[in-house]
Amino acid sequence: MRVLGFPGSLRRDSYNRRLLQAAAQLFPKEVVFELWSGIADLPAYNEDLDGAEPPPAVVRLRADISAADALLFATPEYNSSVPGGLKNALDWASRPYATSVLRQKPVAVVGASTGFFGAVWAQAELRQILRACSALVLDRQLPLARASEAFSSDRSLADPELAAALVEIVQELVCLARSSEVSGECERRDRVRAIASEDRGAYVETPSQAVSIGATALG
């Protein structure tokens, strides 16, 4: 499984990048976690540029999201909202809408700020944007307030309750990604079996049998 992390701040050592790095230590060993650091390379969304040959940075963004099994966003709060660079990345990723790489993609949102509210407004708006893009969004948040004081020397979260909450979000995101994989595989099996049945009169398992097979594989 591959999870892609998006820090909403462009600053090299931003608190939201640190938050994603803290989350990276919590994923199971079989999960590959990668930070996507190309937001600054994306041009402002322009439909005139979004034709047969989009800008290279856009091609990379869409390809990397498509190849990922899940996404984890960490956003700061700029003027009580989502940073413009992050919103621009989602504008590019969400097109074309019918076949968007964000469609049915499992995602989770966390956030850090130097203030007392932990980017809660930005997190809420980001979840709303992602839902509008037809992503599968965890209904969870992690408001990391006073971020300059929030990390231990090993870059983990200093507050035990916030650390436990981050563990839960990571676990739920992995579970959502795994269940999405099973659902997608069952749908593909059903389509193949339906075609086989029409063409050759082959035996076709019922949907309940297919789901049972997937659930057993999840273990």
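## Helix 2: span and sides

The expected span of a helix is 1.5 Å times one less than its number of residues. In this predicted model, helix 2 covers residues 56-67 and has 12 residues, so at 1.5 Å a residue the helix should span 16 Å, and the distance of 16 Å between its end C-alpha atoms agrees with that expectation.

Ala57, Val58, Leu61, Arg62, Asp64 and Ile65 are the buried residues listed for helix 2. These residues lie on the same side of helix 2, because the arc that they cover around the axis is only 165°. In general, an α-helix has 3.6 residues a turn, so residues three or four places apart point the same way. The face turned away from the buried side of helix 2 carries Pro56 and Ala67, which are exposed. As for the cover over the buried residues of helix 2, it includes strand 1, strand 3 and helix 3 (84-93).

## Aromatic pairs

The structure holds 4 aromatic pairs. One of them is formed by phenylalanine 6 and phenylalanine 73, whose rings are stacked at 5.1 Å centre to centre, with 20° between the planes. This pair links distant parts of the chain, since phenylalanine 6 belongs to strand 1 (residues 2-7) and phenylalanine 73 to strand 3 (residues 70-75), 67 residues apart. Both phenylalanine 6 and phenylalanine 73 are buried.

Phenylalanine 27 and phenylalanine 33 also form a stacked pair, because their ring centres are 5.2 Å apart and their planes lie at 20°, where planes under 30 degrees apart count as stacked. Phenylalanine 27 counts as buried at 9% relative accessibility, and phenylalanine 33 counts as buried at 18%, the cut-off being under 20%. Ring pairs also join Phe6, Trp36 and Phe73 into a cluster.

## Charges over rings

Two arginines are placed over aromatic rings. The charged end of arginine 18 sits over the ring of phenylalanine 151, at 6.0 Å from the ring centre, while arginine 103 lies over the face of tyrosine 97, 4.6 Å from the centre of that ring.

## Confidence in the model

The chain has a mean pLDDT of 87, and 83% of its residues reach 70 or more. Over residues 192-197, however, the pLDDT is below 50, and this stretch has 7 contacts in the model beyond near neighbours in sequence. Residues 201-219 also have a pLDDT below 50, with 18 contacts in the model beyond near neighbours in sequence. Where pLDDT is low, the predicted coordinates should not be read in detail.

Methods: Residues are numbered from 1 along each chain as its sequence is written. This is a predicted model: local features need pLDDT of at least 70, side-chain atom pairs count only at pLDDT 80 or more; totals for chains, interfaces and linings use all residues. Side-chain values use heavy atoms; hydrogens and water are left out. Rings of Phe, Tyr and Trp (its six-membered ring) pair if their centres lie within 6.5 Å; planes under 30 degrees apart count as stacked, over 60 as edge-to-face and the rest as tilted. Helices (H or I, at least four residues) and strands (E, at least two) are DSSP runs, numbered from the N terminus. Buried means under 20% relative accessible area, exposed over 50%, partly exposed in between (1.4 Å probe, protein chains only). A charge sits over a ring if NZ of Lys or CZ of Arg is within 6 Å of the ring centre and within 35 degrees of the ring normal. pLDDT is the predictor's confidence in each residue, from 0 to 100. Contact means heavy atoms within 4.5 Å. The arc is that of the directions from the helix axis to the C-beta atoms.
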